[in-house]
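Okay, thanks for coming, everyone. Let me put the structure up and walk you through a few spots.

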Amino acid sequence: MQEWYTAKDIEPQTNKSYKSINRYINDFKQHLKIKKLGNIIHVDKESMEIIKKVCAMYDNGLTTLQIKHKLKEQGTQTIIDMPSDENDGNTTGVNLAEALVGVKREMQEQREINEKLVEAVKHLNERIIQQDKTIKESLEYRDKTIVERMRLSLEEQKRLSIESTNHKENEMKEKLEGINKQLEKIQSQQTENRETDYKTTEKQFEALTNELHEMRRTIAEVASSNEKKRWWQKFFS
(Lines give C-alpha, C1' and ligand atoms only; values in the text may rest on other atoms or scores of the structure.)
Protein backbone atom coordinates (compact mmCIF):
# COMPACT_ATOMS: atom_id res chain seq x y z
CA MET A 1 0.00 0.00 0.00
CA GLN A 2 1.28 3.43 -0.91
CA GLU A 3 2.44 5.57 2.01
CA TRP A 4 1.37 9.19 2.48
CA TYR A 5 2.98 11.88 4.64
CA THR A 6 1.84 15.17 6.16
CA ALA A 7 3.91 18.31 6.71
CA LYS A 8 4.38 17.31 10.35
CA ASP A 9 5.66 13.89 9.25
CA ILE A 10 8.26 15.59 7.02
CA GLU A 11 9.28 18.26 9.57
CA PRO A 12 11.71 16.04 11.59
CA GLN A 13 13.57 15.13 8.38
CA THR A 14 14.31 18.79 7.51
CA ASN A 15 15.35 21.94 9.34
CA LYS A 16 12.06 23.62 8.43
CA SER A 17 8.85 24.04 10.41
CA TYR A 18 5.72 22.20 9.28
CA LYS A 19 4.18 25.60 8.39
CA SER A 20 7.06 26.27 5.97
CA ILE A 21 6.68 22.77 4.54
CA ASN A 22 2.95 23.36 4.00
CA ARG A 23 3.84 26.55 2.13
CA TYR A 24 6.36 24.67 -0.02
CA ILE A 25 3.75 22.03 -0.82
CA ASN A 26 1.38 24.77 -1.94
CA ASP A 27 4.05 26.60 -3.99
CA PHE A 28 5.36 23.45 -5.71
CA LYS A 29 2.23 21.34 -5.83
CA GLN A 30 2.40 21.03 -9.63
CA HIS A 31 5.57 18.97 -9.07
CA LEU A 32 4.13 16.79 -6.32
CA LYS A 33 1.78 13.84 -5.98
CA ILE A 34 -0.67 14.93 -3.29
CA LYS A 35 -4.11 14.24 -1.89
CA LYS A 36 -6.35 15.83 0.70
CA LEU A 37 -7.91 14.07 3.62
CA GLY A 38 -10.27 16.63 5.08
CA ASN A 39 -8.24 19.84 5.30
CA ILE A 40 -4.88 18.09 5.58
CA ILE A 41 -2.68 17.66 2.53
CA HIS A 42 -0.67 14.45 2.19
CA VAL A 43 2.21 13.68 -0.22
CA ASP A 44 3.68 10.40 -1.32
CA LYS A 45 7.26 9.25 -0.61
CA GLU A 46 8.66 10.47 -3.95
CA SER A 47 7.12 13.91 -3.38
CA MET A 48 8.56 13.98 0.14
CA GLU A 49 12.05 13.61 -1.38
CA ILE A 50 11.31 16.53 -3.72
CA ILE A 51 10.31 18.65 -0.72
CA LYS A 52 13.61 17.78 0.96
CA LYS A 53 15.44 19.00 -2.16
CA VAL A 54 13.40 22.22 -2.08
CA CYS A 55 14.40 22.82 1.56
CA ALA A 56 18.08 22.27 0.69
CA MET A 57 17.87 24.70 -2.24
CA TYR A 58 16.32 27.37 0.00
CA ASP A 59 19.20 26.81 2.43
CA ASN A 60 21.62 27.43 -0.45
CA GLY A 61 20.03 30.84 -1.09
CA LEU A 62 17.90 30.09 -4.17
CA THR A 63 14.64 31.95 -4.77
CA THR A 64 11.27 30.29 -5.35
CA LEU A 65 11.43 30.98 -9.08
CA GLN A 66 14.96 29.60 -9.33
CA ILE A 67 13.92 26.42 -7.51
CA LYS A 68 10.99 25.95 -9.92
CA HIS A 69 13.39 26.24 -12.84
CA LYS A 70 15.70 23.71 -11.20
CA LEU A 71 12.86 21.24 -10.78
CA LYS A 72 11.94 21.64 -14.44
CA GLU A 73 15.54 21.09 -15.50
CA GLN A 74 15.68 17.92 -13.38
CA GLY A 75 12.61 16.62 -15.23
CA THR A 76 10.31 16.49 -12.21
CA GLN A 77 6.89 15.36 -13.49
CA THR A 78 3.78 17.41 -12.83
CA ILE A 79 1.04 15.31 -11.28
CA ILE A 80 -2.32 16.98 -11.16
CA ASP A 81 -4.77 14.63 -9.47
CA MET A 82 -4.49 11.74 -7.05
CA PRO A 83 -7.65 10.25 -5.55
CA SER A 84 -7.74 9.22 -1.92
CA ASP A 85 -7.51 5.63 -0.81
CA GLU A 86 -10.35 6.40 1.61
CA ASN A 87 -13.99 6.56 0.53
CA ASP A 88 -15.26 8.61 3.45
CA GLY A 89 -16.68 11.46 1.36
CA ASN A 90 -14.19 13.99 2.76
CA THR A 91 -11.43 13.24 0.26
CA THR A 92 -10.77 15.72 -2.54
CA GLY A 93 -8.04 15.69 -5.20
CA VAL A 94 -6.02 18.53 -6.53
CA ASN A 95 -8.08 19.80 -9.43
CA LEU A 96 -6.94 21.04 -12.77
CA ALA A 97 -7.85 24.67 -12.01
CA GLU A 98 -5.38 24.80 -9.11
CA ALA A 99 -2.58 23.46 -11.32
CA LEU A 100 -3.38 25.98 -14.03
CA VAL A 101 -3.27 28.80 -11.48
CA GLY A 102 0.23 27.73 -10.50
CA VAL A 103 1.35 27.63 -14.14
CA LYS A 104 -0.20 31.01 -14.77
CA ARG A 105 1.59 32.46 -11.74
CA GLU A 106 4.91 31.10 -13.00
CA MET A 107 4.32 32.60 -16.44
CA GLN A 108 3.49 35.95 -14.88
CA GLU A 109 6.65 35.89 -12.76
CA GLN A 110 8.73 35.03 -15.83
CA ARG A 111 7.04 37.80 -17.83
CA GLU A 112 7.89 40.34 -15.12
CA ILE A 113 11.50 39.19 -15.07
CA ASN A 114 11.69 39.48 -18.88
CA GLU A 115 10.24 42.99 -18.78
CA LYS A 116 12.80 44.04 -16.17
CA LEU A 117 15.62 42.58 -18.26
CA VAL A 118 14.41 44.39 -21.38
CA GLU A 119 14.18 47.66 -19.46
CA ALA A 120 17.68 47.15 -18.01
CA VAL A 121 19.12 46.47 -21.47
CA LYS A 122 17.37 49.57 -22.80
CA HIS A 123 18.85 51.77 -20.07
CA LEU A 124 22.29 50.24 -20.60
CA ASN A 125 22.11 50.91 -24.33
CA GLU A 126 21.10 54.54 -23.70
CA ARG A 127 24.05 54.96 -21.32
CA ILE A 128 26.45 53.50 -23.90
CA ILE A 129 25.16 55.86 -26.60
CA GLN A 130 25.46 58.87 -24.26
CA GLN A 131 28.96 57.82 -23.20
CA ASP A 132 30.02 57.44 -26.84
CA LYS A 133 28.66 60.91 -27.63
CA THR A 134 30.50 62.41 -24.64
CA ILE A 135 33.79 60.79 -25.71
CA LYS A 136 33.44 62.07 -29.29
CA GLU A 137 32.68 65.60 -28.10
CA SER A 138 35.66 65.46 -25.74
CA LEU A 139 37.99 64.34 -28.53
CA GLU A 140 36.73 67.05 -30.89
CA TYR A 141 37.25 69.70 -28.21
CA ARG A 142 40.74 68.38 -27.48
CA ASP A 143 41.70 68.44 -31.17
CA LYS A 144 40.41 71.99 -31.62
CA THR A 145 42.27 73.11 -28.51
CA ILE A 146 45.54 71.56 -29.71
CA VAL A 147 45.25 73.19 -33.14
CA GLU A 148 44.45 76.56 -31.59
CA ARG A 149 47.42 76.33 -29.23
CA MET A 150 49.72 75.39 -32.11
CA ARG A 151 48.45 78.36 -34.10
CA LEU A 152 48.98 80.80 -31.23
CA SER A 153 52.43 79.35 -30.52
CA LEU A 154 53.48 79.70 -34.16
CA GLU A 155 52.15 83.24 -34.34
CA GLU A 156 54.22 84.08 -31.27
CA GLN A 157 57.29 82.44 -32.82
CA LYS A 158 56.71 84.36 -36.03
CA ARG A 159 56.39 87.63 -34.12
CA LEU A 160 59.57 86.96 -32.18
CA SER A 161 61.36 86.00 -35.41
CA ILE A 162 60.27 89.23 -37.07
CA GLU A 163 61.34 91.24 -34.04
CA SER A 164 64.69 89.43 -34.01
CA THR A 165 65.17 90.05 -37.74
CA ASN A 166 64.26 93.72 -37.38
CA HIS A 167 66.64 94.01 -34.46
CA LYS A 168 69.46 92.47 -36.49
CA GLU A 169 68.65 94.73 -39.44
CA ASN A 170 68.84 97.76 -37.19
CA GLU A 171 72.16 96.54 -35.80
CA MET A 172 73.54 96.07 -39.31
CA LYS A 173 72.34 99.53 -40.34
CA GLU A 174 74.06 101.02 -37.34
CA LYS A 175 77.24 99.10 -38.17
CA LEU A 176 77.11 100.27 -41.81
CA GLU A 177 76.67 103.81 -40.69
CA GLY A 178 79.63 103.37 -38.35
CA ILE A 179 81.76 101.91 -41.17
CA ASN A 180 80.82 104.79 -43.49
CA LYS A 181 81.74 107.29 -40.82
CA GLN A 182 85.08 105.58 -40.26
CA LEU A 183 85.77 105.55 -44.01
CA GLU A 184 84.94 109.23 -44.25
CA LYS A 185 87.20 109.87 -41.28
CA ILE A 186 90.08 107.97 -42.90
CA GLN A 187 89.61 109.81 -46.19
CA SER A 188 89.52 113.15 -44.36
CA GLN A 189 92.70 112.28 -42.49
CA GLN A 190 94.44 111.30 -45.70
CA THR A 191 93.37 114.53 -47.39
CA GLU A 192 94.55 116.69 -44.53
CA ASN A 193 97.75 114.82 -43.86
CA ARG A 194 99.12 112.72 -46.68
CA GLU A 195 101.92 111.56 -44.42
CA THR A 196 99.54 109.54 -42.25
CA ASP A 197 101.06 106.32 -41.02
CA TYR A 198 100.33 103.68 -43.69
CA LYS A 199 100.24 100.82 -41.13
CA THR A 200 97.61 102.64 -39.05
CA THR A 201 95.38 103.07 -42.10
CA GLU A 202 95.83 99.42 -43.07
CA LYS A 203 94.71 98.28 -39.58
CA GLN A 204 91.62 100.48 -39.80
CA PHE A 205 90.69 98.97 -43.19
CA GLU A 206 91.26 95.48 -41.83
CA ALA A 207 88.89 96.14 -38.92
CA LEU A 208 86.25 97.50 -41.28
CA THR A 209 86.62 94.47 -43.55
CA ASN A 210 86.10 92.12 -40.60
CA GLU A 211 82.91 93.94 -39.63
CA LEU A 212 81.60 93.60 -43.18
CA HIS A 213 82.33 89.85 -43.15
CA GLU A 214 80.46 89.52 -39.83
CA MET A 215 77.46 91.37 -41.29
CA ARG A 216 77.41 89.05 -44.32
CA ARG A 217 77.49 85.99 -42.04
CA THR A 218 74.56 87.34 -39.99
CA ILE A 219 72.52 88.01 -43.16
CA ALA A 220 73.22 84.46 -44.40
CA GLU A 221 72.08 82.96 -41.05
CA VAL A 222 68.79 84.89 -41.13
CA ALA A 223 68.11 83.79 -44.70
CA SER A 224 68.91 80.14 -43.87
CA SER A 225 66.62 80.23 -40.80
CA ASN A 226 63.69 81.46 -42.91
CA GLU A 227 64.21 78.71 -45.50
CA LYS A 228 64.29 75.90 -42.87
CA LYS A 229 60.75 76.37 -41.57
CA ARG A 230 58.89 73.15 -40.81
CA TRP A 231 55.88 72.23 -42.97
CA TRP A 232 53.38 73.07 -40.22
CA GLN A 233 55.08 76.44 -39.61
CA LYS A 234 54.64 77.31 -43.30
CA PHE A 235 51.00 76.18 -43.06
CA PHE A 236 50.27 78.68 -40.27
CA SER A 237 52.45 81.47 -41.73
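**Strands first, then helices**

So, four bridges join strand β2 (residues 34-37) to β3, and these two run antiparallel. Quick caveats: this is a predicted model, where local features need pLDDT of at least 70, side-chain atom pairs count only at pLDDT 80 or more, and totals for chains, interfaces and linings use all residues. Residues are numbered from 1 along each chain as its sequence is written, and side-chain values use heavy atoms, with hydrogens and water left out.

On terms: strands (E, at least two residues) and helices (H or I, at least four) are DSSP runs numbered from the N terminus, and two strands pair if DSSP finds at least two bridges between them.

β2 and β3 make a hairpin with two residues between them, and Gly38 in that turn has a positive phi of about 70 degrees. Strand β1 (residues 4-5) also pairs with β3 (residues 40-44), antiparallel, over two bridges. Now look at Val43 in β3: Tyr5 has Val43 as its bridge partner, and Ile34 has Val43 as its bridge partner too.

Over to helix α5 (residues 96-192), where Met172 lies. Is Met172 buried or exposed? Buried, with a relative accessible area of 13%; the cut-off for buried is under 20%, with exposed over 50% and partly exposed in between, using a 1.4 Å probe and protein chains only. Leaving out residues up to four places away in sequence, Met172 touches Met215 and Ile219, contact being heavy atoms within 4.5 Å. Met172 and Ile219 sit 47 residues apart in sequence, yet 9.0 Å apart in space, C-alpha to C-alpha.
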